[in-house]
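Student: Could you walk me through how to read the packing and the charged pairs in a structure like this one?
Tutor: Gladly; let's look at it together.

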Amino acid sequence: MPEALVLMGVIGRPHGVRGLAHVRSYTADPADLPGYGPFSDGRGRRFALRWVSEGVAQITELVDGRKQPVADRNAAERLVNTRLFVERDQLPATAEDEFYLSDLVGLEAVDGQGAALGRVAAVHDYGAGTSLEIGSLLVPFTRACVPVVDISAGRLVVLPPAEVVVAPDAQVRP
């Protein structure tokens, strides 16, 4: 998949029997997601969305310039976990001290003294906060742990939090 693609959402489980599906949006305002389309699945298929209720969309596949609505539950089931991407240049420019999380992947990570820690391999967000994967290091993406992000220089400064080792025989208080 080309690096110029940015993940905007993911098609989830079907909703009903008429081809509707739950869609998870990664936009600041989920209602804005359809406006970024058409979307690519990163393998050549293209899609458009139309919200029918909160988090539920009618999906249309675009094939050779023709619109083919997803019309039944079986077709919607085949799209579960389809990732929806747009070209990076379709997104608005960022303000100063703003960036897209996808811009962080590949940046060189250095510690507070400038020693190399590796490169950002992935950005994770499982709902409890964003973290950066740098080699075997997983760092919370907070200003305290990542005080400097310089996209144009291709690097960021990482101040890993202190590690806490809990003894295997430590007692947990109720």
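**Charged pairs and nonpolar cores**

Tutor: Let's begin inside a helix: Glu-77 and Arg-73 are four residues apart in α1, which means that about one helical turn separates them. Keep in mind that this is a predicted model.

Student: What does Glu-77 form with Arg-73, and how far apart are the closest N and O atoms?

Tutor: The two form a salt bridge, and their closest N and O atoms are 3.5 Å apart. The idea to carry along is the cut-off: a side-chain nitrogen of Lys or Arg has to lie within 4 Å of a carboxyl oxygen of Asp or Glu.

Student: Is Glu-77 buried or exposed, or something in between?

Tutor: Glu-77 is partly exposed, at 40% relative accessibility.

Student: Now for the nonpolar side. Which residues touch the most other members of the largest nonpolar core?

Tutor: A core is read as buried nonpolar residues joined through side-chain atoms within 4.5 Å. Here the largest one has 18 residues, and those touching the most other members are Met-8, Ile-11, Val-23, Phe-39, Leu-49, Ile-59 and Leu-84.

Student: Which elements give two or more residues to this core?

Tutor: They are the strands β1 (5-15), β2 (20-25), β4 (46-53), β5 (56-63) and β7 (83-87), together with the helix α1 (73-77). The most comes from β1, with three residues.

Student: What is Met-8 in contact with, leaving aside its neighbours within four places in sequence?

Tutor: Its contacts include Arg-24, Leu-33, Tyr-36, Phe-39, Leu-84, Phe-85, Val-86 and Leu-91.

Student: What lies apart from this core?

Tutor: Another core, made of eleven residues, lies apart from it; among its members are Leu-107, Ala-109, Val-120 and Val-158.

Note on methods. Residues are numbered from 1 along each chain as its sequence is written. This is a predicted model: local features need pLDDT of at least 70, side-chain atom pairs count only at pLDDT 80 or more; totals for chains, interfaces and linings use all residues. Side-chain values use heavy atoms; hydrogens and water are left out. Buried means under 20% relative accessible area, exposed over 50%, partly exposed in between (1.4 Å probe, protein chains only). Contact means heavy atoms within 4.5 Å.
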